[in-house]
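This report describes selected local features of one protein model. The sequence and coordinates are shown first, and the description follows.

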Amino acid sequence: MHSKRHALLALALLLSEAAFAAPLLVIVNANVFTADPARPRAEAMAIEDGLFSAVGGNAEVRALAGPATRVIDAGGRLATPGLIESHAHLGSTLPSAPLPMPGLPFPGPTAEQALAAVAAAAKTPGDWISAWIGPLVARDQRNWRMALDAVAPDRPVLLRGFWGHTAIVNSAALQRIGIAEDVADPIGGQWGRDAGGRLNGRADEGASPVPEVRATPNDPAKLALSFQAAAQRYARWGVTSIHLMNSGKTLEVTLDTLAKAKTPQKWTVYSWATGAVPSIAGAWAAMDEAPKTLPPRVRIDGPKWMLDGTPLEQNALQREPYAGRPDWRGRSNHSDAQVREILQTALRRPGQMALHVVGDAETDRVLAMMESLASAEAWREKRVRIEHGDGIRDNTLAQAARLGVVVIQNPTHFPPAGAARRPTEPHSMLKSLLAAGVPVALGSDGGADEANPFLNIMLATSYAASPREALSREQALLAYTAGAAFAEKQERSKGRIGVGMAADLALLSQDILTVPLPALPATRSLLTLVDGEIAFEDPLLAEPVPK
């Protein structure tokens with residue numbers, strides 16, 4: 001009897017010691033932006049077992065430290081939840097070093113400049129001739145296959161839109177990548193043809209990744225190096241989660257890449273529903289066939305559907321014709337029957353769905369069809385992601401809010417102040433979305449430079465072309481933290497600094513809520529934590545804060 005009592009006492013003591021164990025890490029003297037409306041500010045945090053175990057004042061949190069606890073004095077610096085990159089593309093490559101082209105990224109080379117560069121390259125021996133192009137080339141309606149054949153008849157040529165929605169190739173390239181004249185258009189994509197039905201060298205939307213992928217087959221070992229470089233860059237910015245739009249790669253390749261890369265961040269991989277899949281049902285089947293055991297901190301969601309193009313190549317489906325093209329409003333990538341199948345299948349399945357919808361006419365179609373298929377409550381539960389959301393207008397704003405869509409906006413897409421626009425062409429919404437109750441997250445949708453979250457925050461809070469749509473800095477920061485977690489249905493585990501939440505943290509080099517606006521892009525993280533583990537630590541963290 002006594003031994004049983006002693007055992008119970010010992011167990012109770014053990015449980016008591018575990019309950020009051022000293023935290024692994026304590027951060028004090030911080031200016032903590034929690035992204036939690038119940039307690040928006042704090043001074044200190046304790047971290048144990050990958051979670052925030054205490055958030056509060058300096059004295060109360062410091063008192064929790066034990067002999068083995070590391071105590072970091074933040075020196076009054078701003079601490080935020082780990083930033084979440086809500087829309088990224090990684091691993092795009094060309095089959096050869098890209099030719100130098102003038103005017104990139106906007107407006108890029110003219111057609112004549114691009115052809116001259118290819119002609120000059122073709123005069124020297126070699127294999128692939130590759131280049132990134134901008135909107136001027138992408139909008140040029142000439143027969144590019146014939147034009148490139150004339151200047152480079154014996155070398156395969158690939159011109160790729162830097163934004164990824166269009167590719168241009170010559171006859172040698174078509175032969176090299178195995179595309180015959182009778183090739184069928186893939187789901188959500190188009191092979192351009194001339195009046196006689198012959199391929200004209202253009203590959204748009206779902207067809208556009210095909211030349212790149214076939215010319216440079218994905219190698220997970222090589223891709224892992226680019227993922228590691230991106231992860232290091234992101235960690236130095238305080239980014240702890242990445243929503244990967246998995247363009248140009250199968251789920252199998254991407255999961256293998258992430259397993260090899262061993263990056264510290266959390267990843268939500270949105271599977272890609274174009275190009276390689278044989279049918280709409282095949283996009284979801286690809287998700288079902290993915291391995292059940294995923295790399296650490298990796299989850300799969302989606303798929304993502306490309307419902308139209310973009311204004312850059314002028315394939316986003318608009319209500320009004322494009323300037324200079326009175327008979328062209330863009331186009332949908334899917335028929336009404338296909339969009340209906342996409343939406344109906346999404347309603348039957350667990351998880352989310354992401355829709356690339358840019359044009360206002362395409363947005364009209366999608367929102368109307370959503371309302372015809374299910375109740376607003378059903379769609380709010382699904383929490384459909386609208387990637388970009390540029391086509392939401394005043395007369396569809398309430399509809400978007402009612403259906404519970406989440407908009408992932410990309411401030412790097414916003415036109416500069418004074419950009420030439422037709423009087424009837426409205427600006428993309430940002431502040432109006434939040435005011436109407438549409439949740440917003442921010443992502444870069446770009447390469448190394450555009451991935452900088454603080455550049456995105458600067459653009460979102462200035463919005464030079466439409467200042468009335470600019471966010472406050474607090475709103476922009478919420479969109480990069482709590483809003484982004486909500487966008488991936490992970491708001492219960494991350495995106496806020498609070499007890500029991502994942503200890504994802506960025507301790508910033510400057511107070512992004514108060515520094516002059518042009519200084520924002522220079523911000524970096526001095527300490528980045530993912531689940532309480534150090535993903536990046538700058539030696540400057542140990543130095544006093546400049547007065």
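Helices (H or I, at least four residues) and strands (E, at least two) are DSSP runs, numbered from the N terminus.

## Basis of the description

The model is predicted: local features need pLDDT of at least 70 and side-chain atom pairs count only at pLDDT 80 or more, while totals for chains, interfaces and linings use all residues. Residues are numbered from 1 along each chain as its sequence is written, and side-chain values use heavy atoms, with hydrogens and water left out.

## The parallel sheet

An open sheet is formed by 8 strands in the order E8-E14-E15-E16-E17-E18-E19-E20, with parallel pairing; two strands pair if DSSP finds at least two bridges between them. Its edge strands are E8 (83-88) and E20 (440-442), each of which pairs on one side only. Neighbouring strands of this sheet are turned by 25° against each other on average, direction ignored; the axes behind this angle are lines fitted to C-alpha atoms, for helices over the stretch in contact, and angles run from 0 to 180 degrees between N-to-C directions.

Val407 stands opposite Val440 of E20.

Strand E10 (residues 157-161) and E11 run antiparallel and are joined by 3 bridges. Arg160 has Ala167 in E11 as its bridge partner. The hairpin of E10 and E11 has 4 residues between the strands, and Gly164 in this hairpin takes a positive phi near 90°.

E11 is also joined by 3 bridges to strand E13 (residues 199-205), again with an antiparallel run. Here the bridge partner of Thr166 is Asp204 in E13. Within strand E11 (residues 166-169), Thr166 and Ile168 point one way, Ala167 and Val169 point the other way, and all are buried. Buried means under 20% relative accessible area, exposed over 50%, and partly exposed in between (1.4 Å probe, protein chains only).

## Helix H8

Helix H8 (residues 220-237) has 18 residues and spans 25 Å from its first C-alpha to its last, close to the 26 Å expected at 1.5 Å a residue. The expected span is 1.5 Å times one less than the number of residues of the helix. The buried residues of H8 are Pro220, Leu223, Ala224, Phe227, Ala230, Ala231, Tyr234, Ala235 and Trp237. These residues lie on the same side of H8 because they cover an arc of only 140° around the axis, where the arc is that of the directions from the helix axis to the C-beta atoms. Lys222 and Leu225 are exposed on the other side of H8.

The N-terminal end of H8 is capped by Asp219, with a side-chain oxygen 3.0 Å from the backbone nitrogen of Ala221. Just after H8, Gly238 has a positive phi of about 85°.

## Helix H11

Helix H11 (residues 336-348) has 13 residues and reaches 19 Å from first to last C-alpha, close to the expected 18 Å. Val339, Ile342, Leu343, Thr345 and Ala346 are the buried residues of H11. They cover an arc of only 165° around the axis, which puts them on the same side of H11. The buried residues of H11 pack against helix H10 (280-288), strand E16 (298-306), strand E17 (354-357), helix H12 (360-373) and helix H13 (376-382).

## Loop residues

Thr34 lies in the loop between strand E2 (31-33) and strand E3 (41-42) and counts as buried at 0% relative accessibility. Its side chain reaches the backbone oxygen of Arg39 at 2.5 Å, a polar contact (a pair of N or O atoms within 3.5 Å; within protein, one must be able to donate a hydrogen and the other to accept it, and residues adjacent in sequence count only if both atoms are side-chain atoms). Leaving aside neighbours within four places in sequence, Thr34 is in contact with residues including Pro81, Arg496 and Ile497; contact means heavy atoms within 4.5 Å.

The loop between E8 and helix H3 (111-122) contains Pro105, and Pro107 is also placed in the loop between E8 and H3. Cis peptide bonds join Leu104 to Pro105, with omega about 0°, and Phe106 to Pro107, with omega about -5°.
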